[in-house]
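Dear colleague,

Please find the structure below. The notes that follow it describe some features of its backbone.

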Amino acid sequence: MHSPWGLAALLAVPLIIILYLLKQKHEDYIISSVYLWQNALQDIEANAPWQKLKKNILMFLQIIAIILLALLLAEPAIKTYNNNSGAVMLVIDCSLSMQSTDIKPNRFEAARKDAINLVESCNSDTKFTLIVSGSTPQIVLSQTNDKDRVIQEIQNINVSDTAQDIEGTVELVNSLLRENSSIQVNWFGDGVNPVSLSSSGNISNNSPGIDSNQHFSGDNINYHLYNRNGENYAVTLLSHRKLQNSQEIMALSRIANFSLKDAELDVSLYTDGELFDARRVKVEAGKSENIYWKNIPGITSRLECRIDTEDILDKDNSAGLMVYSNKVRKVLLASVGNIFLEKVLSLIPDVELYRTGAEDMHELKGYDLYIFDGNLPEQLPGDGHIILFNPPQNKHFSLAGKSEYTDIRCTKHRLYNNLEENISFDALKTDLYHLPQWGNALMENDEGIVAFEGYLDKYRLIVFGFDLHETNLPVQPFFPVIMTRVVQELLPGVLNDISAVYAGDLISLSIDPEAREVFVIAPDGNKTQIAPPFPVDVFDGATQIGTYILEQKFENETVQQSFYVNAPSEKEFAMPESIKSLQQDIEKVQEHKQFGFWDVRIPLLILLLAILMIEWWVYSNGI
Amino acid sequence: MSRLFDSRFLQTIQQLTLSARFSIDGSTAGNRKSRSKGSSVEFSDYREYIPGDDFRRIDWNAYGRFEKLFVKLFMEEREAPVHIFLDVSKSMDWGEPNKSIASRRLAAALAYISLANFDRVSVVCIDDGIQNMCRNLRGKNFFHKITDVLENVHYTGRSSIQKSIESFSMQMGRGITVIISDFFSRENLNDIIKYLAYNKQSIYICHILSPQEIRPNMNESVRLVDSETMETVEITVTPSLLNSYSKALESFKSQMERTCMKWGAYYLNFSSDMDVAEMVKEVAEH
């Protein structure tokens, strides 16, 4: 029942009965004799008022008509679930957007309830597979016919703050469908329908970024949509920059409007918990607006941008970031002279650059980062991370060959996140390497690996096989970006790409090589030890929105640093236009059957008309 | 001539006299003439003399010709007293066509046929007693007396057939009694017929009902009021009730028919929308 208030029309039923009882006032009709009628009445009990009502077909037709009308007003729906296969797959979206409250109490709870109802309505021998689709899809249960356990597991699902990995989920579902194509898939979600009917009648994947050759074959897929297009606004970006030679900070926040209507939003910026400034900004439907906040005091350690306009999802209405202290990092550049590197390093804030020649590379110590350009000491320094350009042969990794006049491409590595794809440049010559077991490729050409990174014992090492002077990399627009990221990746205690940490992301934490133990404390207070063992690669536990604390224990002290994890709204809500129109189509189709129910209003309406026609016929024929 | 018995009606019943006749003992082709042969002016047949026959009936001319004794047989002529009891209670003044018209026309037609056959005809209008009557009329010339009586009846009282018949001093000997009524009087028909059979009557029970009594056409909830007793019955007409009524009517008629068969009476069932010729024909066929 979508509108249970419609059942109030049933109050008319007793009214009709009362009217008919009142109507029972008989008119006198003189006949020759009542003798035969008395005999006739002996056979049937027709004297009591109720018995008379019982025989009144008109009244019953009217009561039926009223009941049908009440049902119509109540917008009834019948479960259409029909499991012929005996195998059911439940895919439940538990991402951030499922916390939206446009469906009460929220989308996730509604989906959970419907999923449990569906399980309960299945046969006892039905085999269930339960997949929870969050930042990564997880198979919680596989091929079990224990309904109680399935319901228990559904009740145990916690909705997360992360974005949904719809691509991974589709791949997982597809792989399971390939094993058993008769499984009936029930997808409970709020985003784009990953399955929609194509013109050929097959079910194809229409999700953004998903290979079009991925198909759900067969017609046994139900998509239960929980989305009423409520108004949602979000702070999708908050970043800052300390102005040179100034004690001021400039912040940038991006305000997105994910609703279908333009909106005028009140946005506030808080510095260390105090209101600093407030703006009113107009954001068109489906668009975003940037707000620059200037003259923020340089001593500020924490920024938070907040939308004060209410919407269906509160969690993405604010974003925060930590402004790290001006701890100066010492970087040693060992080179015969590299103007490109020197220039780039000088642009990176809080970096103090030291230069040295190849002849002074004995007993190197006391730097946070060592950059060796065309040389390498016999003994690697023991207290900092290392970047190597065009290194000589050594015992730490092996040369695979050389390449000349070559086109070098960047690999898919998180170092290049948010940069354009297929970054490449030309090199006059470069070394090629066998990728060590501890390494991850950073650059490659057609013949092999050109650059890689990894942990060598406790220290991070990044190796580039070319001399910058023999490439056109320094003149590329992305050169300073890449080099800044490379340096930030290695500077201890600083989060890499701190402005872009979202719930569910894998976070690269640059751990101080001297740290003995490393912990991460989540916003809910849970403390997770992430090291030892060393090296620490990426942290995958940032699934909550809020402030995390990175705690590093050294021999004599414990250092805590905070970092913000923000809502992954852009990934969760933003969709290409084509997908939006597809979603609208889906919503139109499923407007009244979004819970996987069959809308029975049309059959009821036909039945009502039939009843009215029968009543008219009965009345006109005096039956 | 009044509307009830117009010239067309008279024409009809005159034609009926040629084909329709009553017989006293009810045999098939009897008509008014008795099968018992006796002394009469109308010659019937010859048969050989057997000892014990009246010598006076020997046809001596035949003996001269055939040298055998033959006895002349003659039709014995009897006056058949015909009693027509017409129910004129209130219940008979109902229906469309009205039962009072159909019943009086039937009575008049039967009376006319009997008069035409030189029977002695008595027409008795009864309700809870004898309301009006004319008795022992012979010859068509007295038909107007009968129509006078029939035209001047009042349908007001309750019917009591047995009481009324018993109060009529019936002529002794064989005769014909016709009772025309709807028989809603709730009397025991068995007693009535038994009484008439005891009086050596050939009995014709003409049960006349209106079409509305045979197939009620009410379609509302009504309070039915009995025209004679003013008793009331509240009903809501439904198909099942009508079905039950139909069964009650059939049971009523079959009960009467069984009673008639038991005493050798004839049960004739009429609807007031039937033509009088049809009704007379049915009577005559019995």
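Is Tyr405(A) buried or exposed? Tyr405(A) is exposed, as 9 other C-beta atoms lie within 10 Å. Here, a residue is called buried if 20 or more other C-beta atoms lie within 10 Å of its own, exposed if 12 or fewer, and partly exposed in between, with C-beta atoms placed from the backbone.

Please note that this is a predicted model, in which local features need pLDDT of at least 70 and side-chain atom pairs count only at pLDDT 80 or more, while totals for chains, interfaces and linings use all residues. Residues are numbered from 1 along each chain as its sequence is written, and chains are lettered from A and ligands numbered from 1 in the order in which they are written.

Most residues other than glycine have a negative phi, and most peptide bonds are trans. Tyr405(A), although not a glycine, has a positive phi of about 45°. Its place is in strand β22 (residues 399-410) of chain A; helices (H or I, at least four residues) and strands (E, at least two) are DSSP runs, numbered from the N terminus.

Gln143(A) is not a glycine either, and has a positive phi of about 50°. Gln143(A) belongs to strand β5 (residues 137-144) of chain A and is partly exposed, with 14 other C-beta atoms within 10 Å.

There are also cis peptide bonds to examine. In chain A, one joins Lys104(A) and Pro105(A), with omega about -10°; Pro105(A) is in the loop between β3 (87-93) and α5 (107-121). In chain B, a cis peptide bond links Glu96(B) to Pro97(B), with omega about 0°, and Pro97(B) sits in the loop between β3 (81-87) and α3 (99-116).

Yours sincerely
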